[in-house]
Amino acid sequence: MKSPAEIAQGYIKVAQAKTTQKWYKMLILAVLAGVFIAFGAVVATTAGAYASNAPLIKGLVFPVGLVLVVICGAELFTGNCLLISPLIGKDIKVGGFFKNMGIVYAGNFLGGLLLAVLVVYSHVQNQTVAEACVAAAAAKCNMGFGDALLRGILCNMLVCLAVWAAMASNSTAGKIMALYLPILTFVVCGFEHSVANMYFLSAGLMAGAEYAITAAGLTVGNALLYCLLPSTIGNIIGGCLIGVSYHAVYRTKMPKAES
């Protein structure tokens with residue numbers, strides 16, 4: 001496996017490629033990432049609807065989303081919060097950083113929304129799964145801004161650590177093993193992932209209308225204000241905490257010519 005210092009150095013090239021690619025390629029890969037994470041949310045909702053220990057079951061199956069992102073290649077907003085490290089080190093440009101974060105966030109939203117439409121209106125969900133989908137979205141809408149923000153911080157600390165750990169291995173199996181447990185942890189603990197929420201909230205709102213299921217507090221306004229916004233802010237903070245920490249440890253000590 002690569003050492004943490006080698007990962008930090010290798011991430012520079014990854015970051016430069018992410019921030020300099022054509023905008024349309026960035027968008028396509030972002031839409032794919034939104035779809036991949038949504039697939040994880042779909043299987044978690046479906047499996048959890050029938051499980052007595054739903055959080056654990058959801059945690060066991062949800063990592064398929066990040067596995068697809070890492071192995072198949074895609075642009076995920078939460079993982080890209082690590083770009084703060086090469087930004088501080090002046091290895092990428094400020095404009096490239098904000099272009100990537102903006103386009104990727106929008107693309108992830110489009111991907112999650114697209115899969116929500118396909119899942120809900122294909123009626124692949126039965127009444128039980130649809131009710132679980134609506135209940136999950138309603139719980140997120142009623143969470144409270146502060147709770148969602150703090151859970152967002154905790155979530156993306158683990159997501160960025162999962163991405164970081166996956167870069168330690170050059171093998172497919174090694175990457176999957178490295179990222180699996182951090183993702184399982186955040187799902188079982190109930191932390192908030194903004195990109196997953198793009199699917200959960202969209203699907204919950206659509207399923208409520210399609211299957212005539214009502215839930216207190218489940219509105220577009222509450223979804224955006226009390227879940228998606230604070231979880232996004234929290235994800236940015238959590239990801240930056242990891243990126244800044246590793247920059248401080250592994251980048252500032254490198255010889256100037258090498259860095």
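Predicted model: local features only at pLDDT ≥ 70, side-chain atom pairs only at ≥ 80, totals over all residues.
## Overall form

The C-alpha trace of the protein extends over about 65 × 35 × 35 Å along its principal axes. The radius of gyration is 18 Å, which agrees with the value near 18 Å that a compact globule of 259 residues would have. Of the 259 residues, 49% count as buried. The protein exposes about 11300 Å², and 70% of this area is supplied by carbon and sulfur atoms. Contacts between residues at least 6 apart in sequence may be sorted by their separation along the chain: 87% of them join residues at least 24 apart.

## The pairing of helix 11 and helix 12

Two packed helices are described by the angle between their axes and by the distance between those axes. Helix 11 covers residues 194–210 and helix 12 covers residues 220–251; they pack at an angle of about 170°, and their axes lie 9 Å apart. Because angles over 145 degrees count as roughly antiparallel, helix 11 is roughly antiparallel to helix 12.

Which residues of helix 11 meet helix 12? On the side of helix 11 they are Ser194, Asn197, Met198, Leu201 and Leu205. Their counterparts in helix 12 are Val220, Ala223, Cys227, Leu228, Ser231, Thr232 and Asn235.

Pro4 is found in helix 1, which covers residues 4–20. Leaving aside residues up to four places away in sequence, Pro4 touches Trp164 and Tyr250. The C-alpha atoms of Pro4 and Met167 are separated by 9.3 Å, although these residues are 163 residues apart along the chain. Is Pro4 buried, exposed or partly exposed? Its relative accessible area is 34%, so Pro4 is partly exposed.

Leu60 lies in helix 3, which covers residues 54–61. With residues up to four places away in sequence not counted, Leu60 touches Tyr180 and Leu184. Leu60 and Leu181 are 121 residues apart in sequence, and their C-alpha atoms are 8.9 Å apart in space. Leu60 counts as partly exposed because its relative accessibility is 38%.

## Loop residues with positive phi

Most residues other than glycine have a negative phi. Lys90, which is not a glycine, has a positive phi of about 60°. Lys90 is placed in the loop between helix 6 (84–88) and helix 7 (94–121). In Ala212, likewise a residue other than glycine, phi is positive and near 55°. The loop that holds Ala212 runs between helix 11 and helix 12, the two helices that pack at an angle of about 170°.

| Residue | Phi | Relative accessible area | State |
|---|---|---|---|
| Lys90 | about 60° | 74% | exposed |
| Ala212 | near 55° | 69% | exposed |

Why do Lys90 and Ala212 count as exposed? Exposed means a relative accessible area over 50%; Lys90 is exposed because its value is 74%, and Ala212 is exposed because its value is 69%.

Technical notes
Residues numbered from 1 in each chain as written. Heavy atoms only, no water. Axes fitted to C-alpha atoms, helices over the stretch in contact; angles between N-to-C directions. Helix = DSSP H or I, 4+ residues; strand = E, 2+ residues; numbered from the N terminus. Parallel < 35°, antiparallel > 145°, perpendicular 65-115°, else oblique. Contact = heavy atoms within 4.5 Å. Rg over C-alpha atoms; globule rule 2.2 N^0.38 Å. Buried < 20%, exposed > 50% of the residue type's maximum accessible area, 1.4 Å probe, protein only. Areas by Shrake-Rupley, 256 points an atom, 1.4 Å probe, with all protein chains shown as cover.
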